[in-house]
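Visitor: Please take a close look at a single part of this structure, one of its chains, and tell me how that part is built and what surrounds it. I am new to this structure.

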Amino acid sequence: MDQVLTGKNLSLGYEKGQDRKVILSDLNFQLYSGQLTCLLGPNGVGKSTLVKAILGRIRPFEGEIKLLEKSPVDYPREKLSKKLSVVLSEPIIPAQMTVEQLVGLGRTPYLKWSGTLSELDRKYVNEALVATKMDFLRKERLGELSDGQRQKAMIARALAQDGKVIILDEPTSHLDLVNRHEIMFLLQEIAKSQDKAILVVTHDLDIAIETAHQLWLMNCGSPLIAGLPEDLILNAQINELLPKDRFFFDPKRGKVNLRSDDSGWQIQGSEDLVFWLEKALKKRKSSFWTDERIQVLDNPFRIQVGERIYHSIADFFEESPSSLR
Amino acid sequence: MICIFIVNSMKTNQNAFFFILAAVALVFLFLINLGLGSVSIPVDTILSGLFTGEWEKSSHREIILNYRFPKSLVAVMAGIALSLSGLQMQTFFRNPLAGPYVLGISSGGGFGVAILLLAGSFLGFSGIVISSWATAIAGILGAVSVLALVSLVAWRVRDSMTLLIVGIMFGAAVSAIISVLAFFSEAEALKLYTIWSMGSLGGLGWNQVGLLGLLLAIGAFPLLLATRSFNALLLGETYAESMGINPVRLRWLVIISTGILAGSITAFCGPIAFVGIAVPHLARLVWKSADHRILFPGSALLGAGLLLLCDTIGQLPGSAQTLPINAVTSLVGAPVVIALVLKRNFSKEF
């Protein structure tokens, strides 16, 4: 596990004439090879600024970023492209291009003027296609692929570029649930098998916890928190991501929950059933009140309030006497 | 060099087949273009005359060598130059509607010529003494000055879309000045300008053809060297940059290359519409590829062929009259492209 990318006391922002607008300060982080790291944080916190700095497009005001031996801004453009590749969220698709040609573009930094691939380049393209499980689609045109497959092809392209680090900026933001999982698990696998340091900017907390080896949490006005997802959950630091007055992270369920006052409902039954009934009740909380004991029972599912029995939550809401509404 | 370039890029036999087909068609079109006109000259006469240097009739020799041959060459060169500039503009701006003139080059050239022809009477020279060299030089000066203004802006903006808008706005402003000049000019001068603006492939001597060929070579050479960058640019500027391409350098290359290619054609032949926008799309349809190793030579072949075809039609075989080339390119080209576009899903192909 080598540190491939490090940030020390980093202060970032934009300059306009004499004015300096600092967006991020006192950032410290390490990106390790062989690991999938997810960067999470609310919109506008400066994730894109950090990514720009890592890509060498802005120079830090203070502190330093080190990619392998030197700072990204100090690399000549072509050298940098051999260390670092990117995948962006917005898909720009030349529909006529085949998957193989797209992945071949990843070899651009290594090619001469005409852009013709050598045997070695073809080998890298093949390996990237196999690693992303896209080799069966290699002759397919991009216009005929699904969004998920297209994004996988973009990942294969980044892989063929053969840098130590791959940065992905919200790569799954326009994909469906299954594809989101699939892409993130694929990245996890690639990080391990190809020994790459992969940084993914994402808003999918669930999937990030599921797949990442390391999380970076950013929030306005607090330093970047880095750690194992499981550690961050157990020591509750994961709550830094959330506005604390309204949401909290439920470590038991691994989900973000709305904070609510003690409901005052007396519900008895097994934990799972109570959980879902409470969830349904909370959505209607202001209009619902009873002092009666509520019981949820399994096999078959029923809700018992005093003498009355309901067979689904909907029935319960529908038929319960007005005193309950 | 170009041969190696084409052969390298032939991944499949199908691509090669289309290249050979296009090249053969080009040769045929060239010969037909030489043969047809106000006087029809049989192809075998032309061939034997060209290869042996002996002509049955000296009038044929005169017509072919000093009139039709240079004109056909100009058609080929104009087709190549305009298609190449159109293709690089479309890729650079990632806009299927971009063409050689989006940076205001044709308006600039028109501006130079307008000053010469329309304002000439104010400045003290009349339409009679104006030679084709004078129009060419005025056109080049006009195109270069507008391009210089656009470049000044390009220096300051990072975003290629802003550059596109600025180019179009400059073009519009310059066209407005031409309109004002036209409004105040005399009927005779106005007609000269109008005829220039309809475009013409003929009337150039060998000296001018030679210069045009030189400019074409200078303008096209950098494109060859930047094929890799153009391919990377298909994914957008950010991706291209992440793959080690310098977008600023590429932008200058595009500005200079189209400036030379489209600028020189505009100066010598007038603003020839349509070819530059349509031909790259035709090339994409024919070769079904986005790869510039195929599209550059492919567009050049198709562009040359299309302009030869249009010129042949514009000759109105058997008649002494010729239609202006601009009218023919649009009359012939528009239905062809519309047909192709409707047949295949065009916007998806880009």
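Guide: Of the 350 residues in chain B, 54% count as buried, where buried means under 20% relative accessible area, exposed over 50%, and partly exposed in between, with a 1.4 Å probe and protein chains only. This is a predicted model, in which local features need pLDDT of at least 70 and side-chain atom pairs count only at pLDDT 80 or more, while totals for chains, interfaces and linings use all residues. Residues are numbered from 1 along each chain as its sequence is written, chains are lettered from A and ligands numbered from 1 in the order in which they are written, and side-chain values use heavy atoms, with hydrogens and water left out.

Chain B has 17 helices and zero strands; helices (H or I, at least four residues) and strands (E, at least two) are DSSP runs, numbered from the N terminus. Its accessible surface is about 15,200 Å², with 71% belonging to carbon and sulfur atoms; such areas come from the Shrake-Rupley method with a 1.4 Å probe, and for residues only the protein chains shown count as cover. Among contacts in chain B with a separation of 6 or more, 77% are between residues 24 or more positions apart, contact meaning heavy atoms within 4.5 Å.

One pair of helices shows such packing in detail. The axes of helix α4 (residues 58–93) of chain B and helix α14 (residues 275–287) of chain B come within 7 Å and cross at roughly 75 degrees. Axes here are lines fitted to C-alpha atoms, for helices over the stretch in contact, and angles run from 0 to 180 degrees between N-to-C directions. The two helices, α4(B) and α14(B), are therefore roughly perpendicular to each other, since angles of 65 to 115 degrees count as roughly perpendicular, under 35 as roughly parallel, over 145 as roughly antiparallel and the rest as oblique. On the α4(B) side, the residues in contact are B:G79, B:L82, B:S83, B:G86, B:L87 and B:Q90. They meet B:V275, B:G276, B:I277, B:V279, B:P280, B:H281 and B:R284 in α14(B). By class, this contact of α4(B) with α14(B) has six nonpolar, six polar and one charged residues. Ala, Val, Leu, Ile, Met, Phe, Trp, Tyr, Cys and Pro count as nonpolar, Asp, Glu, Lys and Arg as charged, and the others, Gly among them, as polar.

B:A189 is in helix α9 (residues 187–197) of chain B and is buried, with a relative accessible area of 13%. Leaving aside neighbours within four places in sequence, B:A189 is in contact with B:L117 and B:L118. The C-alpha atoms of B:A189 and B:S58, 131 residues apart along the chain, are separated by 36 Å. B:N231, in helix α11 (residues 227–233) of chain B, is buried at 6% relative accessible area.

The contact takes 33 residues from chain B and 30 residues from chain A. Chain B and chain A bury about 2,800 Å² between them, 57% of it on carbon and sulfur atoms; buried area is the accessible area (1.4 Å probe) that two parts lose on being put together, summed over both. B:R228, B:L235 and B:Y239 supply 27% of the area that chain B buries against chain A, more than any other three residues.
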